[in-house]
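Let's take a walk through a protein together. Have the sequence and the 3D view ready, and turn the view as you read.

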Amino acid sequence: MEVNQLTRAADQKNQFGSYSESDVVFLLKDLSSFSLEGTIEQREKNIQSGQHYSETLPIEYQPPENYLSIFRETLVEYKRKVALCTGIVSEQIWRLKGENTVLVSLARAGTPVGILIKRYLSEIYGVNLPHYSISIIRDRGIDENAIKHILKTHPGKNIQFVDGWTGKGAISIELTKACKGFYETHGVLLDDTLAVLADPGHCTTLYGTREDFLIPSACLNSTVSGLVSRTVLNNNLIGPSDFHGAKYYKELESADVSNEYLSAVGNEFQSIKQEAAERAAVLMENPGEATFQGMEEIREIKEEFKIESINFVKPGVGETTRVLLRRLPWKILMKDPESPYVRHIVMLAVERNVEIIQYPNMSYTCCGLIKKAGKEQ
């Protein structure tokens, strides 16, 4: 099939993924019919040999029952906290930009957060903000075709970028660089302030908390993200006028908990709205700077453990979870292995025979270290 015969998901009548189109529109080319997956070991070897991670995908499996059990347990435990952080971020967006806002979440971890923000503002303020999910890729930038589509569709509106959480800040840095480049090329100034639920890396001024806590959607892959894969930028499949690509894993429908997650968190909005508004007001008075303070810790960890690249150090609960789910983990550093935020990480580490090291002197709850492919460490 030629590139120009491939349809963009946004142009199809049937919504891409398992979310309702009233929740989000994915500006992604549908690559579902292509085989892009490789084993963790082969993919890691290719990435470390120079292939960009965005050219292929990890294999996605139906989550085993123990993963789903952890997801459901943590969802019960943290749904109110996720709702509160959603409310705090939403209140700030509303006060800063109002109804002249287009929510643009960064696929894929940002997508459920963008939907929750959209639902919160709809429920509490009665507004129906447009919400798109687009691709941004480390070292490759943002999908400019998607940005141009949004600006053309919503002239005069303000884009608010949304993600799930920050690690060491790679995506925040990429977003700032992309917005600068977009201005230089197209003369349009975009706000590069990234809205997130948790900002343990101190990478933004628009957040719900800076605590490194477990956002339950980090426990699973596509089955809590609308059955959508990570985004793909592969020159064999993505032409110059195309959106970046992704796959829709329709075969995993029986394991999909994406909408269950949204409902569980959304049901808490009425109970947290007053506290969210109060906390947002306090944060807007003094949000603190985006110092990227976690980056210095990561550099120290890199040196201490003699790690070749800073890209092999993944800080924070969300990123550590990803290391265990789809990379070759070497060691896991934990501030407190008894913390409730790391129960699922302990389980995954034991399952994959990965050493856990107590490492109290870091601001993150935990940190995943990636193994050098083909090398015993």
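We will start with the pockets and then turn to the salt bridges.

Keep in mind that this is a predicted model. The largest pocket has a volume of about 990 Å³, and 47 residues line it. To find its centre, look for Arg-138, Arg-230, Lys-314, Glu-319 and Arg-322, the lining residues that lie nearest to that point. Several elements give two or more residues to this lining, among them the helices α1 (40-48), α3 (110-125) and α5 (170-186) and the strands β5 (101-107) and β6 (131-137). Which element gives the most? That is α9, with five residues. Sorted by class, the lining of the largest pocket has 19 nonpolar, 15 polar and 13 charged residues.

Now move to the second largest pocket, which has a volume of about 360 Å³. Of the 20 residues that line the second largest pocket, Ile-59, Tyr-61, Tyr-67, Asn-221 and Leu-325 are the closest to its centre. Here, α1 and α9 are the elements that give two or more residues to the lining. By class, this lining divides into 11 nonpolar, six polar and three charged residues.

Next come the salt bridges. Side chains of opposite charge can pair when their charged atoms come close. How many salt bridges does a search of the whole structure find? It finds 22.

One of them joins Glu-77 and Arg-343, whose closest N and O atoms are 2.7 Å apart. Glu-77 sits in helix α2 (residues 65-97) and Arg-343 in helix α10 (residues 343-351), so this pair ties together parts that are 266 residues apart in sequence. Glu-77 is partly exposed, with a relative accessible area of 40%, and Arg-343 is partly exposed too, at 42%.

Are Arg-210 and Asp-199 buried or exposed? Both are buried. Their side chains meet in a salt bridge, at 3.0 Å from N to O. Arg-210 belongs to the loop between β10 (206-209) and β11 (245-246), while Asp-199 belongs to the loop between β9 (194-198) and β10, so the bridge ties together parts 11 residues apart in sequence.

Another salt bridge links Glu-308 with Lys-372, and there the closest N and O atoms are 3.2 Å apart. Because Glu-308 lies in the loop between α8 (294-304) and β12 and Lys-372 in the segment after β15 (366-370), the pair ties together parts that are 64 residues apart in sequence. Glu-308 is exposed, with a relative accessible area of 56%.

Finally, look for Arg-80, Glu-275 and Arg-279, which are linked in a network of salt bridges.

Technical notes:
Residues numbered from 1 in each chain as written. Predicted model: local features only at pLDDT ≥ 70, side-chain atom pairs only at ≥ 80, totals over all residues. Heavy atoms only, no water. 1 Å grid on protein atoms, 1.4 Å probe; cavity = no way out; pocket = protein on both sides within 12 Å on 5 of 7 lines; lining within 4 Å. Points joined across faces, edges and corners; volume = space filled by probe spheres on them. Helix = DSSP H or I, 4+ residues; strand = E, 2+ residues; numbered from the N terminus. Nonpolar A, V, L, I, M, F, W, Y, C, P; charged D, E, K, R; others polar. Salt bridge = Lys/Arg side-chain N within 4 Å of Asp/Glu carboxyl O. Buried < 20%, exposed > 50% of the residue type's maximum accessible area, 1.4 Å probe, protein only.
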